[in-house]
Amino acid sequence: MLSANTGSHFRRIVVPEGSKLVIDDAPLNLTLTSLLVYGTLSMGSPTCRLRSAISITFAPAAGVATDQMMALRGMNGSTVDIHGELFSPTWTRLAQTATPGTSTVTLQQPVNWRPGQLVAVPTSLWKDECRNQNEVRQIANVSTDGRNITFTTPLQFMHYAGPEYQTEVVLLSRSILLQGSNETAANLTGGHLRIESKTGRIRGVLGYRMGQQFQMGSYPFHFHMAGEVPPDSYMTDNSVYASYWRAFTIHGTHALTVANNTAFHVAGSAFYTEDGIEERNRITGNFAGYVHPLGRVDTCAINGSLYSAPVIRSSATLLQPADWGAAGFHVSNAYNVIENNAASGGVSGFMLLNQPLPIGLNRDVLLEPFKRPPLSFRGNTAHSSGYQLSGGAAIYCGGDLRYDPADNGTLVYKIARTVFDPRQVINPRDPNNATQRVKFELRDSRIWLGGGSLLSYGDRLLVDGLASYDSTMGALVRGNPNELYNALLHINTPHGSWLTSNIPGDLGTNYRYGLQFYDNFYRHLLANVTIRDVVANTVQAAILSTVFSDQTKPAHTASMKNINLVNVPRSQVLSNAQVNTGAWRFYNLLDVDGSFTGTRRPTLVASYSATNSTGACDSTALVPCTSPFAWWMTDPDACTISTPNMDATANVISCDWHPWRTVARLGLKIPSYTLSLQQSNLLPSPVNNVNIYDAGVVTQFGLTGANRRAMVITRLEGVTGLTGRGGWYVHWRLGAPKTIQVWAETVPRGTSILYASRYPPGTTFNVTRNAQNNLVPDAQLLQASSLAGMLASDSGDYYYFDGRLLFFKVVDTWELPYPGREPARGVGAGAGLMVPGARTRLYLQVDASMPNCSTSPYPSQNGQDFSGQFCAMNGTVDDYLPPAITAPYNEWTIPYCADVAPHPSLCFFMGVAAADCTCAALQQQGNCPALGLGGAWLAATGDANLAANVAKTQGYCSVSCSRCTDGDERCNNIPVMPLSVSNNRTCAEMAPLGLCYRLAPLGYCLDTCGVCSGAGLPCVDLPASASFASALAATPFALASLAAPSTPALA
């Protein structure tokens, strides 16, 4: 037993297996080099916590092994119990702002802290590494109720506590002190505590000047390779102050409790899971603050961005390169409980690292950390971070850490747009069972002064309950898809405004935004989002468009509802600066309920200009640059350039949205002409407002001259636009392409695109559908004798050539399982939201044989000869533009339940004011019966095509009138089954042949095959006859590998 022996100094203490060292509850000051526990170390017990002041100082000594130097190690099989006095809570928050010069602060919770103890009050600035306003003070007095603390010296700086957010107050002192010696401070070397056993209980301990920055595995508090630990192993209510490296490390350990600890003034990430295999640990109620990145010359300076960050390599002075991006909480495997923690400072407060494989001692474990979803990430707060790289954030889900393949030993870290792929964990002890895709869920996070606030590029990201204050971006939620629900994005609070006015170089006034929808393959779902307090006449906006690129361009960008704008001037609602890029031309979002636009009806928002087509301004321009850009204009009577909530500076048009007239995207690829992203990077920038890789235009049918609705297309181009009868006429500047692939990248279920392009008379065609999968075979489109015949094919199996123009219908055949990215559908608050799916392997290829292939004008561009790709053609866009499609055809083959608001002109005809021409208002006024099938509103609809489509969703306003559930699709025989599957037979003809077992798993013939009724697939007995064999052979789709269902019913 060691007790009351002040000044004791030991080179090494060893507790042998079977032995116990007891340190009793009496003052003790012990200095040693190493304490190795093979048996039991008892400093208190789970039921007896020590109140006396006990200190152990770790000092160096010659002849001690490096891994034992200045260490307390609980070896494998040992039991370590260290239980200091309980001070509760270990941290709290200010109840009111503490002003400079004050000596007394008021707390949100009563505390049992004592005079003489040290307390940290973190910064209320954004950039704490640039201007340190973190303060440490000693307690002089604690009020009787425990809610007021008086310090021995007054505070120097202001520490904010308002209704939006409140600064933390953190107790540093504990009754038991483990500390490093002054002798090794210059070498950044202190003591370290390492538990290598399954039984370790550490409570009420302060680690001061602990950790060894240049010795791997030497951290202040550390569970090391302990494996699965029992519930009574934990690190709770401890404190780390002035650490040389880290604070609390979990390494090769599972199910450990790390709760109510504090870490302040820490080099490198504070709370740290080491190798990427650590799972099911409970990291709750902790605080990390004033966290310093390593490996940087200037820890304040911005160093790189998500697009051009430096590559950081491990070295003798930077053992873990991810410490370059040090965080309060570094999580290398998300499958842990991370709840109710707080972070102040760091490059990020929380870094959920996208780590492909384990590292370190566990690098051979067969597990992919980036596929692990959070077990729970809830109730965490972060502030004063996200400024040390451009686009940084207080909660950062991303980065990349792996071994350099050149030597397989050097760790390499970089900030990167890496993608999580979360999978369901069925058996956590079996790392190879994760197959089902799940969501990466972050809930109830609060962030202030956090740069980009919350940043992720991970797939299937769901952020629910986010509150963001005084950040440069309310959230950078990016993924495929991502969901943001129940969020408050408060751009300027009173404290933020005070910072911009009084602290130069901290939080600026400009370049502050609520949201930004990003890139060409990310899909965004938003619901119940409030954006408030955007300052007029600044570079601020509720939403910032992403329009800088002429290479990566959006498809359907976002679907949103219940967007609440509070104190946001019309001039600051949407920043969509007009630039001559495809990203600007394609920019769009769907305001499902009109809450963002103020229309209060389903509204498509997209780029628009009355005076600039964004095309070339030279004499060869196919569409003059002074022409309007109105590609997204659908029906002039249903579109407005005066969006209620926005100024004209937003450069958008707002149009009524219909489910059959929705956003789609085609990829246009001409071999050896169109470019890959890498190839386009080699081209010089545009000169004199002319992109040197402009390729032509796409325009809607039937509108010429000043009324033309056209858009420039380039050699690096898909085309994003609207489905339906408007049509897409593609006019290539060099003439008629000999071969072109039209990729159905996004054609929403049940819709179609009417495609047309010019060819010289006498051209013959071979048009094929290439699905590139074994579900639906490739097929040759048939030639229709008329345009009406082409339109009549719901499955798009026909093309038509009128001697000048080739027409065909681009349809997604929607076989199951869907080969590509399935539609993203909202859940919870986002129920009813949808962003369409995206194909990866479906295209129509047109091979054109042109007997009299002209080369005048010669098909060349930028000095390159493209006569092998094009036959030259003369004439303008208007010379070839197809007439508008007025004949009826089935525009919407697979209808579903949706709110379709009546056209404003119909409301006027029916005596309803324009302000009440919304589904919500019409429902409240009792108009639902008249809006439905057989009602007066459908009867009064003058457009027969519109009336037919509205009838498919059971009338106007079917969701608001509760006729059906938003997004529900009636089970039926979907009419898009291609001829290559049906061989021109109906479902009724195929079912008696026993083909339901092949058709139903693909999603076809569900009604005929008994799936809709629940009767199950029909059991058919057929004789083994030549006629049956012939009938079966006439169904040429290769599905032999599809096993028949074990039961004749499909769920």
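**Close-up views of a predicted protein model**

**View 1. The two domains of the chain.** The protein chain is divided into domain 1, which covers 658-817 + 833-880, and domain 2, which covers 900-998. The model shown here and in the views that follow is a predicted one. Between the C-alpha centres of domain 1 and domain 2 the distance is 30 Å, and their contact draws on 18 residues from domain 1 and 14 residues from domain 2.

**View 2. The interface between domain 1 and domain 2.** The size of an interface is often given as the accessible area lost when the parts come together. For domain 1 and domain 2 this buried area is about 1300 Å², and carbon and sulfur atoms contribute 64% of it.

**View 3. Polar and charged pairs across the interface.** One salt bridge is found across the interface of domain 1 and domain 2, together with four residue pairs in polar contact. Sorted by class, the side of domain 1 that touches domain 2 has eight nonpolar, three polar and seven charged residues.

**View 4. The salt bridge of Arg-749 and Glu-969.** Arg-749 is joined to Glu-969 by a salt bridge, in which the closest N and O atoms lie 2.8 Å apart.

**View 5. A disulfide of the model.** A disulfide is a covalent bond between the sulfur atoms of two cysteines. The whole structure holds 10 disulfides, and one links Cys-639 with Cys-655, whose sulfur atoms are 2.0 Å apart. Because the torsion about the S-S bond of Cys-639 and Cys-655 is about 115°, this disulfide is right-handed.

**View 6. Confidence along the chain.** The chain has an average pLDDT of 91, and 94% of the residues score at least 70. Over residues 1025-1051, however, pLDDT stays under 50, and for this stretch the model has 41 contacts beyond four places in sequence. Where pLDDT is low, the predicted coordinates should not be read in detail.

Technical notes:
Residues numbered from 1 in each chain as written. Predicted model: local features only at pLDDT ≥ 70, side-chain atom pairs only at ≥ 80, totals over all residues. Heavy atoms only, no water. Domains from an automatic or database assignment. Contact = heavy atoms within 4.5 Å. Buried area = accessible area lost by both parts, 1.4 Å probe. Salt bridge = Lys/Arg side-chain N within 4 Å of Asp/Glu carboxyl O. Polar contact = N/O pair within 3.5 Å; in protein donor to acceptor, adjacent residues only side chain to side chain. Nonpolar A, V, L, I, M, F, W, Y, C, P; charged D, E, K, R; others polar. pLDDT = per-residue confidence, 0-100. Disulfide = S-S within 2.5 Å.
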